[in-house]
Amino acid sequence: FRIMAGKVKWVTDIEKSVLINNFEKRGWIQVAENEDWNFYWMSVQTIRNVFSVETGYRLSDDQIVNHFPNHYELTRKDLMVKNIKRYRKELEKEGSPLAEKDENGKYIYLDFVPVTFMLPADYNLFVEEFRKNPSSTWIMKPCGKAQGKGIFLINKLSQIKKWSRDSKTSSFVSQSSKEAYVISLYINNPLLIGGKKFDLRLYVLVSTYRPLRCYMYKLGFCRFCTVKYTPSTSELDNMFVHLTNVAIQKHGDDYNHIHGGKWTVSNLRLYLESTRGKEVTNKLFDEIHWIIVQSLKAVAPVMNNDKHCFECYGYDIIIDDKLKPWLIEVNASPSLTSSTANDRILKYNLINDTLNIAVPNGEIPDCKWNKSPPKEVLGNYEVLYDEEMAQSDGADRELRGRAGQPAGAKGGRARDSGKTALTTWK
């Protein structure tokens, strides 16, 4: 019985031990390093090799892998924004009510990514936008890096001249033609708890893109900064104030190794319900789920929907002080390393529940099956969106769901009926 292909370098020993324990628990074969075929949680680099035309390799029907071949259409920062912009324009061209704009020309329903430009390509467009509001702060990120590497904040054009600028053409030129950056308007009014900035890490499993079927993991968490937030320009270089990545925060003097600066999403919900009210909190989480579904719909047409693939994404969402959620980025390889005891339990269960959906009952996988597992194997996952169900339902309930009206949103309880209902946004 074969599930993951190839000799793969594990990211960390912790991830390897969690996965192997999980495989053995199912009664699957013992992992042996000298076998031709082993159980592996593939890295994004290995996926490229497996699906590369040069290798000529073909997966058989009883093999499944944990990434889509071109997942980067969603998980590279620049491509994600590009695909969302294209999706908006297509909906606009079709006259879809989802692409409706307000009197200022802003999307009413699809305004969920901060204003973003690609550098060096969009440098002149960025300068034009920057000059409209010269007091704004922007955040620069390398497109292909993770864990907060290479990120910095700017509030003056001169601060990005560390890359060279051709004085004759005023065109932006990066030091390395290989490294592209995105520059986004910084959310400088984040919702604070205890004076500290935080973001949400949510796990979303996609079993197929066409038709789109995705699941939300209920046990996400919030990641807090260790230093209290200030919008002061004197603190722009202090990443302990601005970046929530654990890879950065764990080096701070105030990092707590017991709770790891994390809250569960359920604790956040309780906090918001007690401070802002239940209705407002429900609306916020409906909007977060809306953002996730729309981002997946934006990339679905260009994704290589290989029948051997499934993928668990790590979504990073920031909430501003008006309780508006913003999509920051999507991770193809969300960290499975545990920094606390609770972390280890969460991630062990995440892997367990993911594999139960990918391979129900631990049976020999068959990539030809319809990938719609029975409800009892979902564990802590809930159906977020099922395109087949949405189409067969017939009623166009998308706008009602978006407006927070009962549409069985987020796979939970429809608010008017008390009955469990699946999301059926179209």
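Me: Which residues of H8 meet residues of H9?
Reply: In this predicted model, Val-265, Leu-268, Arg-269, Leu-272 and Glu-273 of H8 meet Lys-278, Thr-281, Asn-282, Leu-284 and Phe-285 of H9. By class, the residues of this contact divide into 5 nonpolar, 2 polar and 3 charged.

Me: And at what angle do the axes of H8 and H9 cross?
Reply: The axes of H8, which covers residues 265–275, and H9 cross at roughly 140° and come within 8 Å of each other. Angles over 145 degrees would count as roughly antiparallel and those from 65 to 115 as roughly perpendicular, so the rest, apart from angles under 35 degrees, are called oblique, and that makes H8 oblique to H9.

Me: What about H4 and H9, how do they pack?
Reply: H4 and H9, the latter spanning residues 278–299, pack at an angle of about 90° with their axes 8 Å apart, and they are therefore roughly perpendicular to each other. On the H4 side the contact involves Asn-83, Ile-84, Arg-86 and Tyr-87, and these meet Gln-294, Ser-295, Lys-297, Ala-298 and Val-299 in H9. The classes in the contact of H4 with H9 are 4 nonpolar, 3 polar and 2 charged residues.

Me: Switching to the sheet, what is the order of the 4 strands?
Reply: The order is S1-S6-S2-S3 in an open sheet, and the pairing is antiparallel. S1 (116–119) and S3 (152–154) stand at the edges with a single partner strand each, so one side of each has no neighbour in the sheet. From one strand to the next the twist averages 25°.

Me: How many bridges join S2 to S6?
Reply: There are 5 bridges between S2, residues 138–142, and S6, residues 181–185, and the two strands run antiparallel. Within this pair, Met-140 has Ile-183 of S6 as its bridge partner.

Me: Which strands does H4 touch?
Reply: H4, residues 77–94, packs on the sheet and touches S1, S2 and S6, with a direction that makes about 130° with that of S1. Helix H5, residues 123–132, lies across S1, S2, S3 and S6 and runs at about 140° to S1.

Me: Now the second largest pocket, what is its volume, and which residues are closest to its centre?
Reply: The volume of the second largest pocket is about 760 Å³. Its lining has 24 residues, and those closest to the centre are Lys-106, Asp-111, Val-113, Pro-114 and Val-115.

Me: Which elements give two or more residues to that lining?
Reply: The elements that do so are H4 and S1, and H4 gives the most, with 5 residues. Sorted by class, the lining of this pocket has 10 nonpolar, 4 polar and 10 charged residues.

Notes: Residues are numbered from 1 along each chain as its sequence is written. This is a predicted model: local features need pLDDT of at least 70, side-chain atom pairs count only at pLDDT 80 or more; totals for chains, interfaces and linings use all residues. Side-chain values use heavy atoms; hydrogens and water are left out. Two strands pair if DSSP finds at least two bridges between them. Axes are lines fitted to C-alpha atoms, for helices over the stretch in contact, and angles run from 0 to 180 degrees between N-to-C directions. Contact means heavy atoms within 4.5 Å. Ala, Val, Leu, Ile, Met, Phe, Trp, Tyr, Cys and Pro count as nonpolar, Asp, Glu, Lys and Arg as charged, and the others, Gly among them, as polar. On a 1 Å grid over the protein atoms alone, a cavity is a set of points where a 1.4 Å probe fits but cannot get out, and a pocket is an open set with protein on both sides within 12 Å along at least five of seven lines; lining residues have an atom within 4 Å of a point. Grid points are joined across faces, edges and corners, and a volume is the space filled by probe spheres set on the points.
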